[in-house]
Amino acid sequence: MNTPIIYVVSDSVGETAELVTKAAISQFNGSGMILKRFPYVEDHEHIDEVISLVNMDKGMIAYTLVKPDMRKYMKESAEMAGVYACDLIGPLMDQIELLSGKQPLCEPGLVRKLDEDYFKKVEAIEFAVKYDDGRDPRGILKADIVLIGVSRTSKTPLSQYLAHKRLKVANVPLVPEVDPPEELYKVPPEKCFGLKISSEKLNNIRRERLISLGLNDQASYANIERIKQELVFFEKVVSKINCPVIDVTNKAVEETANVILNYVQRK
């Protein structure tokens with residue numbers, strides 16, 4: 001007996017069709033079946049070619065074609081040729097259309113684009129964690145965006161928010177006693193954003209932070225004179241870099257993120 005051949009046909013790369021077909025074959029212990037993938041089938045001539053080959057091999061077709069005219073042509077042509085063709089995605093799309101009341105986009109390869117988008121987001125989130133709070137200055141040169149500011153200016157939550165927009169963000173805390181990393185002065189200024197805040201607002205934030213940790217809110221961390229010293233140092237650094245500065249005093253993280261995203265899009 002000849003080895004059964006299944007032609008996996010798709011208008012994209014064919015990963016979905018192959019995965020479903022392999023899942024079905026696994027229920028037969030593999031059975032020594034042969035899979036032949038035909039990706040990027042975009043016109044009727046391609047379908048005719050596949051059906052001709054399947055006919056010669058006495059095989060069958062498993063296909064994922066999202067365009068209605070291509071699905072219809074495959075079904076009718078296979079029936080005329082006496083070839084069995086299994087539509088793996090069409091019936092499900094039809095039912096989802098009935099259930100949702102929405103029209104499908106009928107655009108090949110969307111699931112792959114969604115996967116790529118997802119992995120880019122995960123990669124950006126991991127980047128933000130790895131290069132948070134100046135942990136590794138090397139991340140500054142790899143980042144899409146670098147946030148600069150004194151402690152408690154929402155650098156970390158802002159980094160995470162922007163990471164969900166698939167942007168790799170590093171953030172650098174500024175402390176007068178510590179020289180900023182050299183990498184900060186090697187990055188194009190338009191990639192850096194200074195986060196400015198009023199001394200009074202920062203004083204309140206830091207005092208609340210100390211209280212929440214069960215510490216004395218009179219510590220130097222929340223001392224107004226110390227805060228003013230830090231903010232003067234911040235101004236010196238961002239002036240040297242010559243990067244955009246955003247006043248985050250009365251802004252939510254989302255608002256600051258939108259300012260940055262709009263700036264990046266304009267550039």
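**Cysteines and an open sheet**

Let's start with the cysteines: this structure has zero disulfides, a disulfide being a pair of cysteine sulfur atoms within 2.5 Å. It is a predicted model, where local features need pLDDT of at least 70, side-chain atom pairs count only at pLDDT 80 or more, and totals for chains, interfaces and linings use all residues. Residues are numbered from 1 along each chain as its sequence is written, and side-chain values use heavy atoms, with hydrogens and water left out.

Cys192 is buried, at a relative accessible area of 0%. Cys243 is buried as well, at 9%. Buried means under 20% relative accessible area, exposed over 50%, partly exposed in between, with a 1.4 Å probe and protein chains only.

Now the sheet. Four strands form an open, parallel sheet, in the order β2-β1-β3-β4. Strands (E, at least two residues) and helices (H or I, at least four) are DSSP runs, numbered from the N terminus. Two strands pair if DSSP finds at least two bridges between them. At the edges sit β2 (34-38) and β4 (85-87), each pairing on one side only. Neighbouring strands are turned by 20° on average, direction ignored. β1, residues 5-10, pairs with β2 over five bridges. There, Ile5 stands opposite Ile34.

Next, the helices. α2 (44-57) packs on the sheet and touches β1, β2 and β3 (60-64). Contact means heavy atoms within 4.5 Å. The direction of α2 makes about 170° with that of β1. α3 (68-81) lies across β1, β3 and β4, at about 170° to β3. Axes are lines fitted to C-alpha atoms, for helices over the stretch in contact, and angles run from 0 to 180 degrees between N-to-C directions.
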